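Please look at the sequence and the model as they come up on the screen.

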Amino acid sequence: MSEGNTKIMDEKVKSLSLDEVMCPVCLDIFIEPITMSCSHELCNECYQQHFKNCNFECPMCKKRLSTWARRASAQGKLINKSKWAKIQEEYPDLVARRLGGKSNSQTFMQTEPVDLSIAEPGELQEEYLTMRQEWLLESSSQRREQEEASLNLIKQIQEEEKNEIERRQKIQQEADQQLAIKLSKELEMNVSPSLVNKIILRPRKVLTSICENSPNTSEVKRKSMPLSTRKTRKRKRSQV
């Protein structure tokens, strides 16, 4: 079997592509790859330089993973050993070259030829109009959802305000009832039965006689008499 056919067969049996074994920071093959909890991967060297020494933030998504890093390091699960074994098995030449201090950037920079095609007349305009119509429909749908959410929020706030007003009114009514009961009890305690009998239950004639015999009532009557009448009564009393 020729060398070219062997190379083609080796490429077919590989389970990992070049994109899957390339570190996104140094753009070289993974050496002791580390799969972080955010699903991004770094080689061990880049992990030490760009993650551990940079506040434990993923250089790709900027997510802070300090808790995961300490736990994985303590449990000895930092390096993805299964993937590292596959990389060593499927790309031994690139691994050896990287460990020897040489870069594999040229290998990873190679790209497959791109199939370019020329658009038909009016095809771009049709695609633009289709995309614009989809965008308008999506924007209209989002606007309706936002309006419905706003109305629901307003109704919720109004209902909460109504419930709060009713609650305060109920508390005020209960307080007023308690105050009325308290005042009525105090009035019942302060009004004695004897006073009630004298003022309310006593007949009107007796009350009238009491008023007439009182000193204040006699003095008022005497002062209201004509002066001549008062002098006559005074002479009669002096003669007696």
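I begin with a term: a contact means heavy atoms within 4.5 Å. Helices (H or I, at least four residues) and strands (E, at least two) are DSSP runs, numbered from the N terminus. Residues are numbered from 1 along each chain as its sequence is written, and side-chain values use heavy atoms, with hydrogens and water left out. This is a predicted model, in which local features need pLDDT of at least 70 and side-chain atom pairs count only at pLDDT 80 or more, while totals for chains, interfaces and linings use all residues.

Confidence comes next. The pLDDT is the predictor's confidence in each residue, from 0 to 100. Its mean for this protein is 75, and 68% of the residues reach 70 or more. Over residues 1-12 the pLDDT falls below 50, and that stretch has two contacts in the model beyond near neighbours in sequence.

As to the overall plan, the protein has eleven helices and two strands. Read from the N terminus, the order is α-β-β-α-α-α-α-α-α-α-α-α-α. I call a residue buried under 20% relative accessible area, exposed over 50%, and partly exposed in between (1.4 Å probe, protein chains only). Of the 240 residues, 15% are buried. Among contacts between residues at least 6 apart in sequence, 46% join residues at least 24 apart.

Let us turn to helix α3, residues 66-75. Which of its residues are buried? They are Ser66, Trp68, Ala69 and Ala72. Seen down the axis of α3, these buried residues fall within an arc of 160 degrees, so they line one face of the helix; the arc is that of the directions from the helix axis to the C-beta atoms. They pack against β1 and α2 (44-52). Arg70 and Ala74, on the other side of α3, are exposed. After α3 comes Gly76, with a positive phi near 70 degrees.

Most residues other than glycine have a negative phi. Glu32, however, has a phi near 55 degrees; this residue is found in the loop between α1 (3-13) and β1 (34-35), and is partly exposed at 29% relative accessible area. Ser39 has a phi near 80 degrees. Its place is in the loop between β1 and β2 (41-42), where Ser39 counts as exposed at 60% relative accessibility.

Now to a lysine in helix α4 (residues 81-90), namely Lys83. Is Lys83 buried or exposed? With a relative accessible area of 12%, Lys83 is buried. Its side chain makes a polar contact of 2.5 Å with the side chain of Glu41. Such a contact is a pair of N or O atoms within 3.5 Å; within protein, one must be able to donate a hydrogen and the other to accept it, and residues adjacent in sequence count only if both atoms are side-chain atoms. Not counting residues up to four places away in sequence, Lys83 touches Leu16, Glu20, Phe30, Pro33 and Glu41.

Finally, the cysteines. How many disulfides does the structure hold? The number is zero, where a disulfide is a pair of cysteine sulfur atoms within 2.5 Å. The sulfur closest to that of Cys26 belongs to Cys23, 3.7 Å away and therefore too far for a bond. Cys26 is partly exposed, at 29% relative accessibility. For Cys58, the closest cysteine sulfur is in Cys38, at 3.7 Å, which is too far for a bond. Cys58 is buried, with a relative accessible area of 0%. Thank you for your attention.
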